Every structure is written in C-alpha cells, then in structure tokens.
Amino acid sequence: MDFSVKKLASDAGVFFSRAVQFTEEKLGQAEKTELDAHFENLLARADSTKNWTEKIFRQTEVLLQPNPSARIEEFLYEKLDRKVPPRPTNGEILAQYMLEAAKDFGPGTPYGSTLIKVGDCQRRLGNAEREFLQTSAISFLTPLRNFLEGDWRTISKERRLLENRRLDLDACKARLKKAKAAEAKAAATPDFQETRPRNYVLSASASALWTEEVDKAEQELRVAQTEFDRQAEITRLLLEGIGSTHMNHLRCLHEFVEAQAAYYNQCHQYMLELQKELGSHPKTFGANLAASVGLPGDPSSSEAVNSTSPIEAEALQIEEVQPPASGTRKAKVLYDYDAADTSELSLLADELITVYTVPGMDSDWLIGERGNQKGKVPVTYLELLS
C-alpha cells in the first residue's frame, strides 16, 4: 500500500510538472524544444495520411453499402466478433419479386415469360454484386481499417509518449536554468565584512546547496534528454513507415479498381444477353416506347421503323384489305397499345376484336377489326380465342 501511494504521488508530481510546462509554453513564458524540419514533415505526412485514409474508408463503405442501418448492424456484429448474417442484395430481391409475379401471371403469357427472363438477369446481377462487395471488403476496406485501427494507433501512442518526454525534457531545462540563476545569486550575496561573519557562513551554505541542486538538475536533464532522443528515434521509424503504408494502399487500390471493372463488365455482359433474349419481341415495340418517352431510338429501332413490310408500304390502302372468306378469329387484347401510324389499330386492354391474316404479312402482325375501324395489331398483345 505504501508503495502504491508513493507511486501515485510520483505520477501526480510528474503530471503536474508537465501541466505547468505546457501552460507556460502556451503563455510564452517557457522555451519549447523544437523538432527538426524532417521530423515535422514526417508528422504532417502522417496526419494527412490518417485523415484522407479515414475519409476514403468511410465513403467506400457508403458506396458499397448505402444503407446506414445495415452499416451500423455490420459494425456491431464486427465489434461483437460475430459473423454478419447473409443479406440478399437489391438485385436478388427484385429477381425474387419478378419470378413470383411471373408465376402468378402465368409463365406462358408474354408478360410472365419476360418477367422470368428479366428476373433471372437481375438474380445474376445480384450475385455479381455480392461477389464484388466481398472482394472489395477483403482487398480494399480491410487494409485501410487495419491501418486506422492498428498502425495509426501505435503511431499515436508513441507520439503521445514523445510529447510527454519533450515536456519532461523542457521542464528539466527550466529547473536547471532556475537552479543556476539561484546559485549565481547566492554566490554574489556573501558579506566579507568582519562585523558580520554570520552572513558569510549562511551565504556559503546556501551556495553549496544550490550547487548541489544544479548537479541534480543536470543529472535529471541528461536522463530526460536520453529518454527523449530514444523516443524520438522510435517515433521517427514509425513515421517513416508511412511510405510503406502508401505502397500497400496503392496495391489495394489497384485490386479495388480491378474488382470494380470486372463487376461492371459482368453486368454489361448480362444485360447484352438479356437484350438478345428480349429481341424476339416486335421491334416496333421498342421504337414505340422510345417515341412515347421522347428518347431517341437506337439504330436497330430506326431500322425496325424504316424497314416496312409490303402492307406498311401501302399504309394508305389498309382499308382496301378484305378479310378472307374463312379464317377470321376473335381475340382478347392483353395490354393497351398505341398505334405508331395510320396503318395500325390502337388497342385497349380486355376488349374483343376480330383478327385475320393476309398473304405476305409479317407473322408478328395480324389485321384487326373493331366495328368500322381496321389496322395492324401485334400478335404479342393478343390472346387468340377459339
């Protein structure tokens, strides 16, 4: 118990000495040991590395997981040293909804079959996103986190120790300076008059005491200087390691870019395949959609509009087309359809019309009649009735 009290008192004394030195430095009443320019540059570089690494790390987390609640959940699991439960990506959730909707609407319907194709593509996109997130977390986020929570904490700890050693060193310098000033003053005080011999004895004794105090202060200064130099060397070596950290982060950055490029390339391939699968639908549908939203169509859409069948070339003569003697059927309209030109017939969902074909007509189209109205209609918008 006595040892603990003595240690506590000693620590309190050291803390008080450092606090006094720090306060006097801030007030300009005490000198401060300055570090060399190279050391200061290392400190500035280390601070800049920490600040920018932290910002890049946080924003990359936002990029990979925009949901703040999900990020907090992952952080808590990590701190509890527990495995993060698997979470479906947005693409996988969308794929599930589309496939369930296709099952409800009927896989054999145009809308249902298309939902299946798009849903399968979204599922593959979701899987690709999951792989990208896992790869990026391992190759990029983890090294940045290791620096912030490992190397930087070590550097910060050693820097604090260096600052304490500096304060101790400057406090020893201040004590030595005061002791020397008091010694000089005591040496100049003696009165050599014979009528006052006692003053001389007292002054000589005080001078000896201050000489002893100066020797003690010099010894403490040498010890403080040695500890400061040793701590400065340790801190300098750690700060010079920031260059290696930059090289490591550079390699991780290349791996992150490669993973991102592979992910986007995979997504591009999946979308191209989906476009080819959906190419079996009437080409005019894509052109009509582009026209309805005011977007320029792609070259294939323009060709689809411009490449007209013989019936389209004689659009003005559509009224002259006569239904065959046999072969007319009733059809139910599945979706609304807006006619692209005067040769086509606009449709409303769930209405019944009469349809038939004529020689030389595109198999994707039929002639539809509603009362005295007549025009071409796309087969995929109809359900033919027996």
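Predicted model: local features only at pLDDT ≥ 70, side-chain atom pairs only at ≥ 80, totals over all residues.
Colleague: Why are H2 and H5 called roughly antiparallel?

Modeller: Helices here are DSSP runs of H or I with at least four residues, numbered from the N terminus. Axes are lines fitted to C-alpha atoms over the stretch in contact, and angles run from 0 to 180 degrees between N-to-C directions. The axes of H2 and H5 come within 10 Å and cross at roughly 150 degrees. Angles over 145 degrees count as roughly antiparallel, and therefore H2 is roughly antiparallel to H5. By class, 15 nonpolar, 4 polar and 6 charged residues make up the contact of H2 with H5, where Ala, Val, Leu, Ile, Met, Phe, Trp, Tyr, Cys and Pro count as nonpolar, Asp, Glu, Lys and Arg as charged, and the others, Gly among them, as polar.

Colleague: What makes H5 and H7 roughly antiparallel?

Modeller: H5 and H7 pack at an angle of about 175 degrees, with their axes 9 Å apart, and that angle makes H5 roughly antiparallel to H7. Their contact has 21 nonpolar, 9 polar and 7 charged residues.

Colleague: What makes Arg130 and Glu92 a salt bridge?

Modeller: The term asks for a side-chain nitrogen of Lys or Arg within 4 Å of a carboxyl oxygen of Asp or Glu. The closest N and O atoms of Arg130 and Glu92 are 2.5 Å apart, and the pair forms a salt bridge. Arg130 lies in H5 and Glu92 in H4 (residues 90–105), so this pair ties together parts that are 38 residues apart in sequence. By this rule the count comes to 17 salt bridges.

Colleague: How are H4 and H5 placed relative to each other?

Modeller: H4 and H5 pack at an angle of about 160 degrees with their axes 7 Å apart, and they are therefore roughly antiparallel to each other. The contact of H4 with H5 has 11 nonpolar, 6 polar and 5 charged residues.

Technical notes:
Residues numbered from 1 in each chain as written. Heavy atoms only, no water. Helix = DSSP H or I, 4+ residues; strand = E, 2+ residues; numbered from the N terminus. Parallel < 35°, antiparallel > 145°, perpendicular 65-115°, else oblique.
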